[in-house]
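Here is a short report for a first look. Start with the structure shown below, then read on.

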Amino acid sequence: MLNHIALLNFRDELGESDKRIAAVKLKSGLEDLADKIEGLIDIRVETLLLDCSSADILLLCKLQDREALERLKTSPLLFNIKPIIDENLDRVHTADYIS
């Protein structure tokens, strides 16, 4: 099983209200991918991170293999939320590992 983790950070210039709205849209849009991409076993988005966190949003995915990760990254369904990502996020850090 392949695990994909992404730490997402909002743009510094966004206000708290804009961040909350974007977080809800990102969570909904990303979690809506469940059962729609072959090989995506589980997808979870955490938006209520502790203040001591260095990220604003955490994305956790479990996938069958590397090919499933590529399908996720290139899925036309992901492009539906790309405007939200482009307009609101500044930094994205990812890590992948096999368990």
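What percentage of the 99 residues of the protein chain count as buried? The figure is 35%. Keep in mind that this is a predicted model.

## Overall build

The protein chain holds four helices and four strands. Along the sequence they follow the pattern β-α-β-β-α-α-α-β.

The C-alpha atoms fill a box of roughly 35 × 30 × 15 Å, taken along the principal axes. The radius of gyration is 13 Å, which agrees with the value near 13 Å for a compact globule of 99 residues.

The four strands form an open sheet with the order 2-3-1-4. Their pairing is antiparallel. Strand 2 (40–46) and strand 4 (89–98) are the edge strands, and each pairs on one side only. From one strand to the next, the twist averages 15 degrees.

Now take one pair. Strand 2 and strand 3 (residues 57–63) run antiparallel and are joined by six bridges. Within this pairing, Asp42 stands opposite Lys62 in strand 3.

## The helix on the sheet

Helix 1 (residues 16–31) packs on the sheet. This helix touches strand 1 (2–10), strand 2, strand 3 and strand 4. The direction of helix 1 makes about 170 degrees with that of strand 2.

## Contacts and surface

Consider contacts between residues at least 6 apart in sequence. Of these, 68% join residues at least 24 apart.

The protein chain exposes about 6200 Å². Carbon and sulfur atoms supply 52% of that area.

Key: Residues are numbered from 1 along each chain as its sequence is written. This is a predicted model: local features need pLDDT of at least 70, side-chain atom pairs count only at pLDDT 80 or more; totals for chains, interfaces and linings use all residues. Side-chain values use heavy atoms; hydrogens and water are left out. Two strands pair if DSSP finds at least two bridges between them. Helices (H or I, at least four residues) and strands (E, at least two) are DSSP runs, numbered from the N terminus. Axes are lines fitted to C-alpha atoms, for helices over the stretch in contact, and angles run from 0 to 180 degrees between N-to-C directions. Contact means heavy atoms within 4.5 Å. The radius of gyration is taken over C-alpha atoms; the globule rule is 2.2 Å times the number of residues to the power 0.38. Buried means under 20% relative accessible area, exposed over 50%, partly exposed in between (1.4 Å probe, protein chains only). Accessible areas come from the Shrake-Rupley method with a 1.4 Å probe; for residues, only the protein chains shown count as cover.
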